[in-house]
Amino acid sequence: DGGEVITPFNDGEEVDLVSTSNQLYGKKGDRINFNRQMLTFTENARKCTYKLYFPKPLDGGEVAFKYNDGKVLAINFGKELSCLGFWVDDGLKNGRCVGIEPCTRGYDTVYNAQEKGQYGGIDANGELKFSLKINVK
């Protein structure tokens with residue numbers, strides 16, 4: 001079917017390539033420049049998987065997948081979820097899919113976060129509240 005992820009990020013902004021199956025955009029762990037084509041899906045699958053995290057924190061916002069037929073699946077998130085990640089399978093393992101990940105930090109494991117000095121925790125008996133709203137238009 002095809003479509004594209006609509007993000008608050010512009011071409012050229014920095015993004016971390018957390019994982020990749022074929023080094024189409026770089027090696028695992030590289031910080032690369034974002035290009036909208038990374039999150040655009042055409043008729044021809046790229047036959048790869050990759051995971052992107054944007055290090056630039058957000059103050060909440062919206063991210064959406066816009067299908068070529070005009071339907072939109074949008075996720076609105078609060079400022080507590082200040083980072084965005086995307087897991088992409090473009091025809092390699094599970095067909096064609098993209099996981100949109102609003103998160104509190106820009107790394108998918110505590111070990112990766114520790115390496116970058118960006119890990120946190122919730123104290124015993126503590127809590128973290130956040131909002132997440134999904135809209136289908």
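**Labels and the values behind them**

Modeller: Gly 26, at 16% relative accessibility, counts as buried. This is a predicted model, in which local features need pLDDT of at least 70 and side-chain atom pairs count only at pLDDT 80 or more, while totals for chains, interfaces and linings use all residues. Residues are numbered from 1 along each chain as its sequence is written, and side-chain values use heavy atoms, with hydrogens and water left out.

Colleague: Why is Gly 26 called buried?
Modeller: Buried means under 20% relative accessible area, exposed means over 50%, and partly exposed is in between (1.4 Å probe, protein chains only). Gly 26 has 16%, so the label is buried.

Colleague: Where does Gly 26 lie, and what does Gly 26 touch?
Modeller: Gly 26 is in the loop between β2 and β3; strands (E, at least two residues) and helices (H or I, at least four) are DSSP runs, numbered from the N terminus. Leaving out residues up to four places away in sequence, Gly 26 touches Leu 17 and Thr 20, where contact means heavy atoms within 4.5 Å. Gly 26 and Leu 132 are 31 Å apart in space, C-alpha to C-alpha, and 106 residues apart in sequence.

Colleague: What makes a set of residues a nonpolar core?
Modeller: The members must be buried Ala, Val, Leu, Ile, Met, Phe, Trp, Tyr or Cys residues, joined through side-chain atoms within 4.5 Å. The largest such core here has 23 residues, and Phe 34, Leu 39, Tyr 50, Leu 52, Val 63, Leu 84 and Phe 86 have the most contacts inside it. At least two residues each come from β2 (14–20), β5 (48–54), β6 (61–67), β7 (72–77) and β8 (83–90), and β5 gives the most, with 4 residues. In soluble globular proteins, nonpolar side chains tend to be buried together.

Colleague: What does Leu 39 touch?
Modeller: Not counting residues up to four places away in sequence, Leu 39 touches Gly 3, Glu 4, Val 5, Thr 7, Phe 34, Leu 52, Phe 86 and Val 88.

Colleague: Why is the aromatic pair of Phe 9 and Phe 54 called stacked?
Modeller: Rings of Phe, Tyr and Trp (its six-membered ring) pair if their centres lie within 6.5 Å; planes under 30 degrees apart count as stacked, over 60 as edge-to-face and the rest as tilted. Phe 9 and Phe 54 are 3.9 Å centre to centre with 0° between the planes, so they pair and are stacked. Phe 9 lies in the loop between β1 (3–6) and β2 and Phe 54 in strand β5, so the pair ties together parts that are 45 residues apart in sequence. Phe 9 is buried at 1% relative accessible area, and Phe 54 is buried at 0%.

Colleague: What makes Lys 56 and Glu 13 a salt bridge?
Modeller: A salt bridge is a side-chain nitrogen of Lys or Arg within 4 Å of a carboxyl oxygen of Asp or Glu. Lys 56 and Glu 13 are at 3.4 Å, N to O, so the pair qualifies. Lys 56 lies in the loop between β5 and β6 and Glu 13 in the loop between β1 and β2, so the pair ties together parts that are 43 residues apart in sequence. Lys 56 is partly exposed at 44% relative accessible area, whereas Glu 13 counts as buried at 16%.
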